Amino acid sequence: MDELEKVERLRKKADVSYEEAKQALEECGWDLLDAIVLLEKQGKVKQPKNTSYTTQYEEPEKIEEAASSTQKNRGGFSETLNSFFSWCGSMIQKGNETLFKVERGGKTIISVPVTVFVIILIIAFWCVFVVMLVGLFCGCHYSFEGIDKVEVDVNKAMDSASNAAEKIKKEFTDGGEDTDR
């Protein structure tokens, strides 16, 4: 910024004459902030109309635009909140329509909605985890079943976990027989 621009900016900011702004800048080595401080000490700077201060210059129109956009965002927040609760409601509905099943020997032992299963899982995670792990070794198979077709990948993962448990169980039982002989 050249000297003329600095004088004009100081003149507008401090509401002083051109000569006063130029003299203050010359005394302060052309530093705008120091010149404003000098003019304040001399009592030549008039108090600003608004009570807020900023380190960046903004046109008054931009300040009004920012305030109006803030008001628009408030409406956006309530819309976001409504869409979040709508999503939660649809997830709960899908959870109620989809069942978590525990089967052993082709017979269904337990069949509960996924929503209930998730709540129980949140409340007593380690208990459910241990019971399900023991169930795998006792020949239980876990699956999800619902009104809409459930992704087959989940059931395949459950089946592969069950098969792995069966293999481990066989290794222990086969290994135990070898040591008894």
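**View 1. Strands E1 and E3, an antiparallel pair in a predicted model.** Seven bridges tie E1 (residues 98-104) to E3 (residues 140-146), with the two strands running antiparallel. Pairing here takes at least two DSSP bridges between the strands. Strands are DSSP runs of E with at least two residues, helices are runs of H or I with at least four, and both are numbered from the N terminus. Look for Arg104, whose bridge partner in E3 is Cys140. This is a predicted model, where local features need pLDDT of at least 70 and side-chain atom pairs count only at pLDDT 80 or more, while totals for chains, interfaces and linings use all residues. Residues are numbered from 1 along each chain as its sequence is written, and side-chain values use heavy atoms, leaving out hydrogens and water.

**View 2. The hairpin of E1 and E2.** E1 also pairs with E2 (residues 107-113), antiparallel again, through six bridges. Lys101 has Ser111 as its bridge partner in E2. Two residues sit between the strands of this hairpin, and Gly105 in the turn has a positive phi of about 65°.

**View 3. Helix H1 against helix H3.** The axes of H1 (residues 3-14) and H3 (residues 32-42) come within 11 Å and cross at roughly 40°; axes are lines fitted to C-alpha atoms over the stretch in contact, with angles from 0 to 180 degrees between N-to-C directions. That angle makes H1 oblique to H3 (under 35 degrees is roughly parallel, over 145 roughly antiparallel, 65 to 115 roughly perpendicular, and the rest oblique). On the H1 side, Lys6, Arg9, Leu10 and Ala14 make the contact, and on the H3 side Leu32, Ala35, Ile36 and Leu39 do (contact means heavy atoms within 4.5 Å).
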